[in-house]
Structure formats: structure tokens, C-alpha cells
Amino acid sequence: DFSTMSEFYFSNLFTTLEEFQVAGKNWDLDFVQLDHGSFQARLAQIGDGELTISTCRWNRHLHQRGSSPPDCFTFAIYAPNSINHRWRLIDCPAHSRRIFPDDHELDSVTPPGCQNLVVSVSRSYLKQVSIKLGYPELGRLIQKGTVVCCDPLHIRHLQSYLIELLRIKES
């Protein structure tokens, strides 16, 4: 259960799709490899149950279906030098931010070389932040299941920040 986890850091190289799927158990995802050949994926995650930051890259075409962790808002941006892809029949340019929907609507074919930086924030944590900052409840302002194009400079800053957080923990 995502909400009951304590602090964690995880980084691993997987050489089979089956191993990789077990590592992503907090995501209700099913992967199907669409091309032939040996599989490799690198996954890194840091989190505390309220906030999880992760990145993953693999070497094969994968069809993924399922949903992000329950009771969370989950956002994805591409890592630098990533290959773009289509998600939910929508082209996702390099400067886009994807907001994952609930209810098993995650459906994507991801090419080799596509690498996302993903942030999952619990609803309760987002509500606490809203109250602390004196904002209306931020969760009500977020439209799930969308692709939002952002200022490329802002995306580059966010990429750098997320990558640095993962690197700091790794060292």
C-alpha cells in the first residue's frame, strides 16, 4: 500500500520483464513486450509514502496498461534526451507534462529509449500543502488524464531538479 510506506530508495537493473513487473507492484500495470530480443530496464525510485519520484528506461517496445498508485496525483515528464511517444492517442512533445488518470486508463506504447521522470503525490499531502500555503485545494484544480504543454525552460529546470534528487540519494 503506497500510503503506508516509510522512506525508501531503490535502484536496479532488470534483465527480464517479469522481474521488472514485480518491482512496480504499487502501480497496477501490465506490460507486454512488442518486439523480440532480450529485455533490460533500469528503475530508480525515492519516496516516503506521500511523495515518490521515479525514473525508468528500457530497451524494448512495451505496451503498458493499468493505473498509477491509488489516491495519488501522478505527473510525468520526459527525461533529457528521451524519445517522445503517444499516450492515450495523444502526441506528447518533449515539453509536455502528463497527468495520469484514475481507473485503469493508463494505456501507452512506449518505444525503446523513452525515459520518464514521474512524481506521485498523495491526495492527503497535496491537501496539507494547499492548506499550509493558503491556496484552494490544489487537487480540485488538477485535471487528470491530460497532456499539458509547458514552457520548455521550466521543464528543463524540473528535469534537472528531479534527476539531482535521484542522484543525491544514489551516492
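Q: How many residues sit between β3 and β4 in their hairpin, and what's up with Gly49?
A: There are 3 residues between them, and Gly49 in that turn has a positive phi of about 95°. Strands here are DSSP runs of E, at least two residues, numbered from the N terminus. This is a predicted model, where local features need pLDDT of at least 70, side-chain atom pairs count only at pLDDT 80 or more, and totals for chains, interfaces and linings use all residues. Residues are numbered from 1 along each chain as its sequence is written, and side-chain values use heavy atoms, with hydrogens and water left out.

Q: Do β3 and β4 run parallel or antiparallel?
A: Antiparallel, with 7 bridges joining β3 to β4 (residues 51-58); strands pair if DSSP finds at least two bridges between them. Leu43, for instance, has Cys56 in β4 as its bridge partner.

Q: Which residue in β3 is the bridge partner of Phe10?
A: Gln45. Strand β1 (residues 8-14) is antiparallel to β3 and joined to it by 7 bridges.

Q: Is β3 mostly covered or uncovered?
A: Mostly covered: of the 7 residues in β3 (residues 41-47), 5 are buried, meaning under 20% relative accessible area with a 1.4 Å probe, protein chains only.

Q: Switching topic, which residues lie nearest the centre of the largest pocket?
A: Trp27, Leu29, Phe31, Trp58 and Gln64, out of 23 lining residues. β4 gives the largest share of that lining, 4 residues.

Notes: Buried < 20%, exposed > 50% of the residue type's maximum accessible area, 1.4 Å probe, protein only. 1 Å grid on protein atoms, 1.4 Å probe; cavity = no way out; pocket = protein on both sides within 12 Å on 5 of 7 lines; lining within 4 Å.
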